[in-house]
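Please look at the structure below.

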Amino acid sequence: MFCDSCGAALQPGQGFCTRCGKQVIGPVAPGSGRVARHAHLLGILWIAYSAVSLLGGLVLMTVSHTIFGPFGPGNGAPLFIRPLLSVIALVLLTKGALGIAAGWGLLQKVEWARVLAIVLGVISLINIPFGTALGIYTLWVLVSPGADQEYQALARSAGQ
């Protein structure tokens, strides 16, 4: 059982939450805390944000191999531009693929998705403004006190 206000674990028969002090009215089942209320939306946002990242990586890879490739126009660009753009594109593609995996995992409530989403959330903090917003939201949902127990209970109740 979890507090529907702060997500703290509750003991059977407990009248008040020890963390936030809210009165417990009846049994609170897994699925009514902060993580349960926000995990679905967080999964959708990770998939959407990562799809844009994948698209950016594909465009950048195409540009690096066509415009700056061996058969591109002789524009006098420095030789390091093509490898640099390719590396950035690979980073974007990898981050996008991992973000889609994290979003799918959050939607399916698998246990590894929480850790992956937290790691990607920290990395995304540097991508102003959307990555920062998504990173803060991810950390607010998944790193709050008691979030690990609540997510594990959700994963168990989902049959994972």
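Ile88 is partly exposed, because its relative accessible area is 37% (buried means under 20%, exposed over 50%, partly exposed in between, with a 1.4 Å probe and protein chains only). Its place is in helix α2, residues 81-108 (helices are DSSP runs of H or I with at least four residues, numbered from the N terminus). Together with Phe80 and Leu84, Ile88 forms a nonpolar patch on the surface, with about 280 Å² of accessible area in total. Such a patch joins nonpolar side chains within 5 Å, each residue having over 30% relative accessible area and no salt bridge (a Lys or Arg side-chain nitrogen within 4 Å of an Asp or Glu carboxyl oxygen).

This is a predicted model, in which local features need pLDDT of at least 70 and side-chain atom pairs count only at pLDDT 80 or more, while totals for chains, interfaces and linings use all residues. Residues are numbered from 1 along each chain as its sequence is written, and side-chain values use heavy atoms, without hydrogens and water.

Aromatic rings pair if their centres lie within 6.5 Å; planes under 30 degrees apart count as stacked, over 60 as edge-to-face and the rest as tilted. The count comes to three aromatic pairs. One of them is Trp46 and Tyr49, edge-to-face at 5.9 Å centre to centre and 80° between the planes. Both residues are in helix α1 (residues 34-66), three residues apart, and both are buried. The ring centres of Tyr137 and Trp140 are 6.2 Å apart with planes at 20°, so this pair is stacked. Tyr137 counts as buried because its relative accessibility is 18%, whereas Trp140, at 40%, is partly exposed.

Notes: Phe/Tyr/Trp six-rings, centres within 6.5 Å; stacked < 30°, edge-to-face > 60°. Helix = DSSP H or I, 4+ residues; strand = E, 2+ residues; numbered from the N terminus. Patch = residues over 30% accessible without salt bridge, like charges linked within 9 Å, V, L, I, M, F, W, Y side chains within 5 Å. Areas by Shrake-Rupley, 256 points an atom, 1.4 Å probe, with all protein chains shown as cover.
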